[in-house]
Amino acid sequence: MHQLLYVRNRPLQTLILGLIALTFYAYYRTTYYDVTRYSIFRNTNIYIYIYILYLGQPPFREAYKQRANTSLEERANVPSKNASVELSIIIGSYNSQNTSNVSNSLVTMLPPSSSSRALSSVKDTSVESEQVSTAFNEYSLRAIYEAGHTVPIPESCPNFGKEMDLVIIIMSAPTHLEARMAIRQTWGHFGQRSDIGILFMLGATLDPKVEMILKKEQKTYNNIIRGKFLDSYSNLTLKTISTLEWVDSYCSKVKFLLKTDDDMFINVPRLQTFIMKHAKNKNVIFGRLAKKWKPIRNKKSKYYVSRTQFKHAVFPDFTTGPAYLLSSDVVRKLYDAALDQTYLKLEDVFVTGIVADKLGIKRTHANEFLNKKISYSACNVQRGISIHMVKYSEQFDLWKKLLDGKSECKL
């Protein structure tokens with residue numbers, strides 16, 4: 001009877017054993033392949049190799065391997081075979097002191113077209129994070145920046161801006177649709193004038209859904225410039241350089257450029273008055289001047305600056321990033337000179353401080369550039385040119401107070 005029962009249940013036993021084996025196999029596959037595949041990007045050294053694998057050319061990979069096995073002293077005396085090889089080092093350098101943020105480093109540095117191919121062929125290397133950080137500081141912005149624009153919309157600046165007094169270019173993130181819409185419906189209306197252009201500057205995104213929304217937005221409004229960089233906080237300097245390149249390429253005859261952000265309220269009439277007053281001023285950047293600011297040397301800080309990136313104890317005076325106004329004659333000079341400077345992600349310090357100081361460009365403080373959050377009284381709104389940290393829902397209230405005209409304010 002026992003033998004009969006055993007034989008009768010053998011298929012069932014075989015099935016159970018098969019399911020158990022399949023479960024263990026699935027667990028092994030998931031643990032070894034999938035978990036490793038997604039957790040591997042927490043290792044800083046992984047990022048060092050990605051760009052080279054993206055390039056897909058054995059000479060670049062071999063050159064990198066050779067450099068990875070040399071000392072820093074030897075490496076300093078041997079020029080790289082190609083600047084692109086060094087980008088692999090730069091990729092790994094960002095947030096190398098905070099490996100939990102390394103995933104952000106990858107998407108900030110890789111060119112848009114590289115991501116899918118790079119991520120599909122990741123391999124490990126043996127370069128230490130200290131070497132990575134040191135190597136990163138050796139290279140100029142030229143090694144990182146990719147010139148050109150995927151969406152240039154040159155028609156936004158007819159005749160290279162010859163008849164325009166002002167172009168306002170707003171730094172915006174791909175997902176900030178509400179902020180852009182609020183600006184279009186309030187102070188962005190001034191962009192409909194023939195003497196003023198108001199445009200948004202964005203980079204690339206790896207999210208297909210966001211990209212699809214952006215294409216629809218661009219088709220509707222046609223006021224979004226797209227640079228050749230992945231859009232992130234760490235790439236704000238690339239975004240500003242892309243802005244300078246665009247103005248130099250398509251709007252070089254405009255009188256002034258205002259660089260600002262999408263969380264700003266800009267009093268355009270007040271700005272026009274300011275421009276008329278300073279129409280003859282050249283070689284100048286106007287804004288809220290920051291004096292005697294010191295680099296943060298704490299490696300855990302978001303704003304960490306190494307001594308190799310900037311060796312001095314105090315930054316040159318610079319205009320704070322939320323909004324600053326440039327006379328158009330400095331645009332090309334800033335763009336050209338910036339490419340040969342060591343990359344620094346603090347864009348206002350880099351562009352209006354370090355680079356402008358090297359070129360002898362005057363930075364002038366203007367009280368109208370508030371560049372901070374203030375109480376939204378009608379007088380405050382009407383007196384200032386720029387107000388910072390404005391939520392998209394608040395743009396409408398400030399716009400109403402600007403247009404009210406009932407408040408008696410000493411302007």
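How do H9 and H16 lie relative to each other? H9 and H16 are roughly parallel to each other, where angles under 35 degrees count as roughly parallel, over 145 as roughly antiparallel, 65 to 115 as roughly perpendicular and the rest as oblique. The legends below take up this helix pair and other details of the structure.

The model is a predicted one, in which local features need pLDDT of at least 70 and side-chain atom pairs count only at pLDDT 80 or more, while totals for chains, interfaces and linings use all residues. Residues are numbered from 1 along each chain as its sequence is written, and side-chain values use heavy atoms, with hydrogens and water left out.

**View 1. The protein as a whole, with its 16 helices and 10 strands.** Helices (H or I, at least four residues) and strands (E, at least two) are DSSP runs, numbered from the N terminus. Of the 411 residues, 50% count as buried, a term that stands for under 20% relative accessible area, with exposed meaning over 50% and partly exposed in between (1.4 Å probe, protein chains only). Among the contacts in the protein with a separation of 6 or more, 76% are accounted for by residues 24 or more positions apart, contact meaning heavy atoms within 4.5 Å.

**View 2. Helix H9 (residues 177-185) packed with helix H16 (residues 395-404).** Two packed helices are described by the angle between their axes and the distance between the axes. Here the angle is about 15° and the axes are 9 Å apart; axes are lines fitted to C-alpha atoms, for helices over the stretch in contact, and angles run from 0 to 180 degrees between N-to-C directions. H9 contributes Ala182, Ile183 and Gln185 to the contact, and H16 contributes Gln395, Phe396 and Trp399. By class, the contact of H9 with H16 has 4 nonpolar, 2 polar and no charged residues, where Ala, Val, Leu, Ile, Met, Phe, Trp, Tyr, Cys and Pro count as nonpolar, Asp, Glu, Lys and Arg as charged, and the others, Gly among them, as polar.

**View 3. Helix H9 packed with H10, and the cover over the buried residues of H9.** H9 and H10 pack at an angle of about 10°, with their axes 12 Å apart, which makes H9 roughly parallel to H10. Leu177, Arg180, Met181 and Arg184 of H9 meet Ile213, Leu214, Glu217 and Tyr221 of H10, and the residues of this contact divide into 5 nonpolar, no polar and 3 charged. The buried residues of H9 are Ala179, Arg180, Ala182, Ile183 and Arg184, and what covers them includes strand S2 (166-171), strand S3 (196-204), helix H10 (208-221), strand S4 (224-230) and H16.

**View 4. Helix H13 (residues 331-338) and its packing with H14.** The axes of H13 and H14 come within 10 Å and cross at roughly 95°, and the two helices are therefore roughly perpendicular to each other. The contact joins Lys333, Leu334, Ala337 and Ala338 of H13 to Phe350, Val351, Val355, Ala356 and Leu359 of H14, with 8 nonpolar, no polar and 1 charged among its residues. Val331, Leu334, Tyr335, Ala337 and Ala338 are the buried residues of H13, and they pack against helix H11 (236-250), strand S5 (256-261), strand S7 (284-290), strand S8 (318-327) and helix H14 (347-359).

**View 5. Tyrosine 324 in strand S8.** Tyrosine 324 is buried, with a relative accessible area of 1%. The side chain of tyrosine 324 makes a polar contact with the side chain of glutamate 347 (3.0 Å); a polar contact is a pair of N or O atoms within 3.5 Å, of which, within protein, one must be able to donate a hydrogen and the other to accept it, and residues adjacent in sequence count only if both atoms are side-chain atoms. The C-alpha atoms of tyrosine 324 and threonine 260 are separated by 6.8 Å, although these residues are 64 residues apart along the chain.

**View 6. Threonine 243 in helix H11.** Threonine 243 counts as buried at 1% relative accessibility, and, not counting residues up to four places away in sequence, threonine 243 touches Ile169, Met171, Met201 and Leu257.
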